[in-house]
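Dear colleague,

Please find the structure below.

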Amino acid sequence: SVTIPASPFMQKLGSGTGVNVYLMKRSPRGLSRSPWAVKKIVSKQKSSQQSIYQERLNEEAKILKNLQHPNIVGYRAFTEASDGSMCLAMEYGGEKSLNNLIDLRSENRLGPFPAATIFKVALHMARGLKYLHNDKKLLHGDIKSSNVVIKGDFEAIKICDVGMSLPLDENMTVSEPDMYYVGTEPWKPKEALQDDGVITDKADIFAFGLTLWEMMTLAVPHIYLSDTLDDCSDEDSFEDFDEEAYYAALGTRPALNMDELDSSYQYVIDLFSVCTSEDPKKRPSAACIVEALEATMSQE
C-alpha cells in the first residue's frame, strides 16, 4: 500500500481549479525511486464544491488508469492521504509546465521559442493526441500550455490533466447527449462556443494550434494588452482590457507578429494556421500531423 504524506510535507508544484499538485519523493528503505506528482483537492472550500472536485478527480483517475503512452503523464495510484483526502498519484512528468516556461521566457524578454523546439513540442503533443483520439477514442478537452509538462530542456514532453476528456464515437464525434466540452475559454474552437456546435477530435487540434501560437508569441490567445502596461499596476491593465474585442475574437485564429519570426518558423506557422481553421473539417487529424512531422524529420 502507498502512504501519501500530508500536504505541508510535500513541495507544491502547481494548482488548478479546486486542486493542488505536489511533488512526492519516494525513497523507501533507502532505495532511490522516481518521484510522483500528487493531485489533491484543496481542503479550504465549501463542501459542495469539494464533492464536485472529488468526483472530477475520481473520473480522472479512472481515465488515466487506462492510458499508457510516452507523451501522456502516467497513472501511479489513487489512494487516501494521511489527512483523509483522496489523491491521484501520477508519474512526475517534469519540473515545469510549458506555460511556466512561456512565462519565464516572457519575463526575460527572450522572444519566441526556437522553431526547432516548437517543432519538437508539436510532434510529441501530436503523438499523445493521436493515441488519445485513435487508440483510446478520447477527446482530451482542455489542451493548452499549462496542461503540457516538460522535463529539463525539452527532454520529455507529456500531456497531462485528462479530467475533462470526453468519449469519441466511431466518427470521432462527441455524441453522448450529456457530455459537454468544457475546455478553457481562450483556447476554445468556434464549435464549442455555439449552442448547436458538433464537437469532434478537431476541437483538440484547434487548441493544439493555439498552444504552438503561445510558444511563438509568449501570450494568452486573444488577450491583447498594450505593451505600455508593463510599468502599470494590474488594475490599470484590467481597465485597458477590451472585453468586447476578446469575446468577438474567441474561436478565431489570432495574429502573429511576423517581424519576430524568420524563415525557420515557416513550417510551424503553416501548421498553426491549418490547425486553427474555423471550419473543423479543414483542420488535420492528430494522425495526419504526426505523419507530416515525421516525414519532415526524415527529409532533414
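For sorting residues, Ala, Val, Leu, Ile, Met, Phe, Trp, Tyr, Cys and Pro count as nonpolar, Asp, Glu, Lys and Arg as charged, and the others, including Gly, as polar. The model is predicted: local features need pLDDT of at least 70 and side-chain atom pairs pLDDT 80 or more, while totals for chains, interfaces and linings use all residues. Residues are numbered from 1 along each chain as its sequence is written, and side-chain values use heavy atoms, leaving out hydrogens and water.

By these classes, the lining of the second largest pocket holds 14 nonpolar, 14 polar and 9 charged residues. A pocket is an open set of points on a 1 Å grid over the protein atoms alone, where a 1.4 Å probe fits, with protein on both sides within 12 Å along at least five of seven lines; lining residues have an atom within 4 Å of a point. The space in this pocket is about 820 Å³, the volume filled by probe spheres set on the points, which are joined across faces, edges and corners. Of its 37 lining residues, Ser-15, Val-21, Ser-146, Asn-147 and Asp-161 are the closest to the centre.

Thr-79 lies in strand E4 (strands are DSSP runs of E, at least two residues, numbered from the N terminus). Thr-79 counts as buried because its relative accessibility is 16%; buried means under 20% relative accessible area, with a 1.4 Å probe and protein chains only. Leaving aside residues up to four places away in sequence, Thr-79 touches Val-2, Ile-4, Ser-85, Met-86 and Cys-87, where contact means heavy atoms within 4.5 Å.

Yours sincerely

How values were computed:
Helices (H or I, at least four residues) and strands (E, at least two) are DSSP runs, numbered from the N terminus. Buried means under 20% relative accessible area, exposed over 50%, partly exposed in between (1.4 Å probe, protein chains only).
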